[in-house]
Amino acid sequence: MNLRRLSSRMADEISRSAQRETSAASSTAAVAAENAKLKSKSIWPSVLRWIPTSTDKIIAAEKRLLSLVKTPYVQERVNIGSGPPGSKVRWFRSESNEERCINTVSFDSKEGSPTLVMIHGYGASQGFFFRNFDALASRFRVIAIDQLGWGGSSRPDFTCKSTEETEAWFIDSFEEWRKAKNLSNFILLGHSFGGYIASKYALKHPEHVQHLILVGPAGFSSESDTKFQWVTQFKATWKGAIFNHLWESNFTPQKLVRGLGPLGPNLVRSYTSTRFGSYSTGTTLTEEESGLLTDYVYHTLAAKASGELCLKYIFSFGAFARSPLIHSAPDWKVPTTFIYGYLDWMNYQGAQEAGKHMKVPCEIIRVPEAGHFVFIDQPDRFHSAVLYACRRFLSPDPDVESLPEGLTSA
């Protein structure tokens, strides 16, 4: 009997001991898991701070920059759908079925005003037009967008592998945005690379575009042009070979900004203060404008790489279009106005040559004391050029309108 009680006590003790060990092990595991979580939480914010930006910060920087604009506006992210695996939507090719959005700002306007849609250039976003919104909104219903993969718009993984796919990424996403906004019969303005996309869109969907305004557009020069033989000669040098290799490797300016981490804002500040300040070709930015633009530009450049990776597929080294627009001139269906700064590095002679083959009205306006960012360098003259380009929509007698003072016709 005593033996049985002893055996029973021993069994109970062993059982309780096992339970304590199990409990201790569970507690240890729980502590270890919690420590891992804490460690994870302490590490990730540090990593993320290396590139201190996000979509929310882009929108916030945009709001601060547009605080300089007096005209009321509405900011929205327009849903343009999703492209899950197997989708026929060519501009995604993404592994995610996440919905995509186009960041859009629409300004108050007078009832019946013609609609003006504005598309930014490479490495830029719609906020670059901050000096123009007030003046243009007084005559137009102004809508400006960030192209897919830029600014505050969605940034899908960029998986395009050809010029055709890359063009479709931008053209088709813009068309889905147009459908979502229920727009038609609008004036389409594009700057630089945005001018290239606006042109390609108008070639594919001319029924929606009343007039095309191309501001220092890319794509109208061909590397085969004898005027650009120096590019071919430079590529033959060891320096040119290095730059060409970087280009074909899709090394973008944005990668440099990201690589510098917390020093990236200093690089951007140096660029904006130089380009729009000490070496400005026109009216310099105020200290407030410069500070807000710098902050905005940094966040748009440092965010996830997406649309920027189009570069090598659309252009060869030297910014020559792989599918030059001059070859499409005979197929042009939309009346077009070109606007160039006198000091624009984009060559207006390409537009002149294209105009010879267009079967629609075409004019070229040049703005003195302005470079590639003519709308920032000389905003007043730029506004005059846009109003003149759109005279048949704004004036009761457009045929008697003369070219505004301070502008020249090429």
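This is a predicted model: local features need pLDDT of at least 70, side-chain atom pairs count only at pLDDT 80 or more; totals for chains, interfaces and linings use all residues.
Helices here are DSSP runs of H or I with at least four residues, strands are runs of E with at least two, and both are numbered from the N terminus. Residues are numbered from 1 along each chain as its sequence is written, and side-chain values use heavy atoms, leaving out hydrogens and water.

**Threonine 252**
- Threonine 252 counts as buried at 1% relative accessibility (buried is under 20% relative accessible area, exposed over 50%, partly exposed in between, with a 1.4 Å probe and protein chains only).
- Setting aside neighbours within four places in sequence, threonine 252 is in contact with Tyr122, Glu308 and Leu309 (contact means heavy atoms within 4.5 Å).

**Helix α2**
- In α2 (residues 55-65), the buried residues are Ile58, Ile59, Ala61, Glu62 and Leu65.
- They sit on the same side of α2 because they cover an arc of only 160° around the axis, taken from the directions from the helix axis to the C-beta atoms.
- Asp56 and Lys63, on the other side of α2, are exposed.
- The cover over the buried residues of α2 includes β1 (73-81), β2 (100-107) and α10 (287-302).

**Aspartate 157**
- Look for aspartate 157 in the loop between β4 (141-145) and α4 (163-181).
- With a relative accessible area of 41%, aspartate 157 is partly exposed.
- Aspartate 157 and serine 306 are 149 residues apart along the chain, yet their C-alpha atoms are separated by 5.9 Å.
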